[in-house]
Amino acid sequence: MLLAGVIFSASTADNASAQNFSANDAKVSALLAQMTLDEKIGQMVQVDSGALAGNNDVAKYYLGSVLSGGSSDPAAGNSPVAWLDLVNGLKAQALTTRLKIPLLYGIDAVHGHNNIEGAVIFPHHIGLGATHDPKLIARAEQVTAAEVAGTGVRWAFAPCIAVPQDEHWGRTYEGYSDNTALVSALGVAAVKGFQGEALSASPVSVLACAKHFIGDGGTQNGKDQGNDVCDEATLRKLFLPPYQAAIKAGVGSIMVSYSSWNGEKMHGNKYLLTDVLKGELGFNGLLVSDWAAIDQINPDFKLDVAQSINAGLDMIMIPYGSGHANNYIEFIDDLKALVAEGKVSPARIDDAVARILRIKFQMGLFAGDTIDPQLTAAIGSPAHRTIARECVRESLVLLKNENHALPLSKTIKHLVVVGAAADDLGVQCGGWTIDWQGRKGAVTTGGTTILTAIKQTVSSATEVTYSAAGSDLKAADAIIVVVGEQPYAEMKGDRQDLNLSASDKALIAQAKATGSPVITLLLSGRPLVLDSALADSSAFVAAWLPGTEGEGVADVLFGDAKFTGKLPRMWPLSNDHLSSLDPAKPLFKTGFGLKE
Ligand code: GLC
């Protein structure tokens, strides 16, 4: 059988993706021809490392991939070496199988290698969107790729190329912008940063994963994993271009969205996953599910397996092992039965496995992927932090600057800083930091809070007074108020009321009452409804979720760098006008940003 015919049913659309991955077709076909059904199905299964502790199931079930979810850390601790040992141990298991097909390890490196201690944490995508700077984003993801590779991992579940329309959505900050063209440009930059000009055997070429296909940011009321209610023309116009661009840039994997389109779960939508994505757009990389996402298609798991694989999914993320419903052993048994029953064709299995093998050959995994210790040693290096600091500088958006309150002088005599967020690395980093949800307080990855950065920047003659609560606030030469959101990820961040909290507004009003110039910094995953907070501020800066390099904020506050950031999404005037599709007057339009 001419496997090539089976594998490349994709159209001959003129796109880089088809050329990128076809170089190893002969090897893929030869290997595929040797594989048993068990070995093929095993390649289609991705399991969370937490479910593999203490067993040999990578080898026993010929697993093709392992991931570590947002809170799945090595038992030995969260250091780069502990990660390297975990990853290498699971890879070694795969090489004990009959055909020694190497394991592909994936992780959510969505703003740096954010799961591990010591990694540089970059601004979340909404901040990178405010830079409008594709070259910088490519450099940032090159650093992330190097840090990811330093722990033996070669697949990053990034970039998220959602185009969030309604910021009630808890994942708004994972999107670069509400503007489709900007998301396309920055998504391409990120893919190139992770993979290089093309996915290759280079030890720092990390498989990128454009996610979540399609319409994750278009759900009604911004509900996470919710339902896009729109016609096909709107779905294509808003959300397809970033995928077309990423495919042309050679992205090797795409993750499917939990969301639905007009009531149909994306993970079961054959028209969009196969006819559009693989056929019309010519995507011939691998299509992976989201975390236990196929479980949401039907109440019956075996039906989920049939519908998702037949819809076009090539690899299924099944995080759970025995003792949990819908586990990976059940998946394997169900898929074998479905092939025997003729409900999933051998050709579909071969197409899925060929796509997975083609990526592994393209990445040189069969030739072994020993990790350069210098990559591990460079995790969190000053050189890496310098690039993240540049991202922070360029991400800041100046919304107001009355009487040129900014920049501040480094020799200012008395500076007051208030707000717990000023000295909280966890708030600065947001969700997806060390833990899935992130956490406020001192996260264990090392970094510089905004307060520390301010103290390091001003002259020795400057008196800096800090008060988290702003108690007995008195007049000063300037008062910096740092307010914002507490860390969250995914559905935990969905919220109806997007007003800046009353306590934050009160703190700003208290500062204003002293008669001093008030510089307000907002740390948030999305624009918030400001009302009095803007009026009471002399200067107002949207700082988003800047990550570990707080110096980047001080650089701009004190004039070592200019404000260049521009809003990546519109800023709502009120809580009931939040979609960029709604032409009602926003407070600030996408693209707004003062220079001084
Ligand atoms: C999560 C997210 C997805 C992530 C995956 C693995 O639920 O939706 O973005 O890559 O699971 O952690």
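This note goes through the predicted model point by point, from the overall fold to single residues.

1. Basis. The model is predicted: local features need pLDDT of at least 70, side-chain atom pairs count only at pLDDT 80 or more, and totals for chains, interfaces and linings use all residues. Residues are numbered from 1 along each chain as its sequence is written, and side-chain values use heavy atoms, with hydrogens and water left out.

2. Overall fold. The protein chain holds 22 helices and 17 strands. Helices (H or I, at least four residues) and strands (E, at least two) are DSSP runs, numbered from the N terminus. The radius of gyration is 24 Å, close to the 25 Å that the globule rule gives for 596 residues, so the chain is as compact as a globular protein of that length. That radius is taken over C-alpha atoms, and the rule is 2.2 Å times the number of residues to the power 0.38. Along the principal axes, the C-alpha atoms fill a box of roughly 80 × 50 × 45 Å.

3. Of the 596 residues, 64% count as buried. Buried means under 20% relative accessible area, exposed over 50%, and partly exposed in between (1.4 Å probe, protein chains only). Among contacts with a separation of 6 or more, 79% join residues 24 or more positions apart. A contact means heavy atoms within 4.5 Å.

4. Surface and charge. The accessible surface comes to about 19,700 Å², and 56% of that belongs to carbon and sulfur atoms. Areas come from the Shrake-Rupley method with a 1.4 Å probe; for residues, only the protein chains shown count as cover. The chain has 47 positive and 62 negative side chains, and the centres of the two sets lie 3 Å apart. Lys and Arg count as positive and Asp and Glu as negative, while His and the chain ends are not counted. Each charge is placed at NZ of Lys, CZ of Arg, CG of Asp or CD of Glu.

5. The five-stranded sheet. An open sheet runs in the order β4-β3-β2-β1-β11, with parallel pairing. Its edge strands are β4 (155-156) and β11 (316-317), each pairing on one side only. Two strands pair if DSSP finds at least two bridges between them. Strand β1 (residues 45-48) joins β11 in the parallel sense over two bridges. In that pairing, Gln46 stands opposite Met317.

6. Strand β7 and its partners. Strand β7 covers residues 253-256. Ser253 and Met255 point one way, Ile254 and Val256 the other, and all are buried. Strand β5 (residues 209-213) pairs with β7 in the parallel sense over four bridges. Strand β10 (residues 286-288) pairs with β7 in the parallel sense over three bridges.

7. Gly42. This residue sits in helix α4 (residues 37-43). Gly42 is buried, at 1% relative accessible area. Apart from neighbours within four places in sequence, Gly42 contacts Tyr61, Tyr62, Leu63 and Gly64. Leu534 is 492 residues away in sequence from Gly42 and 56 Å away in space, C-alpha to C-alpha.

8. Lys278 belongs to helix α12 (residues 270-280). Lys278 has 5% relative accessibility and counts as buried. Glu549 lies in the loop between β17 (539-542) and α22 (551-557). Glu549 is also buried, with a relative accessible area of 4%. Beyond neighbours within four places in sequence, Glu549 is in contact with Val120, Ile121, Arg385, Ala388, Arg389, Val392 and Thr448.

9. Cis peptide bonds. The bond from Ala158 to Pro159 is cis, with omega near 10°. Pro159 is in the loop between β4 and α9 (180-195). The bond from Lys211 to His212 is also cis, with omega near -5°. His212 is part of strand β5.

10. Positive phi. Asn262 has a positive phi of about 50° although it is not a glycine. Asn262 lies in the loop between β8 (260-261) and β9 (264-265), and is partly exposed at 44% relative accessible area. Ala292, another residue other than glycine, has a positive phi near 55°. Ala292 is in the loop between β10 and α13 (301-311). Is Ala292 buried or exposed? Ala292 is buried, with a relative accessible area of 13%.
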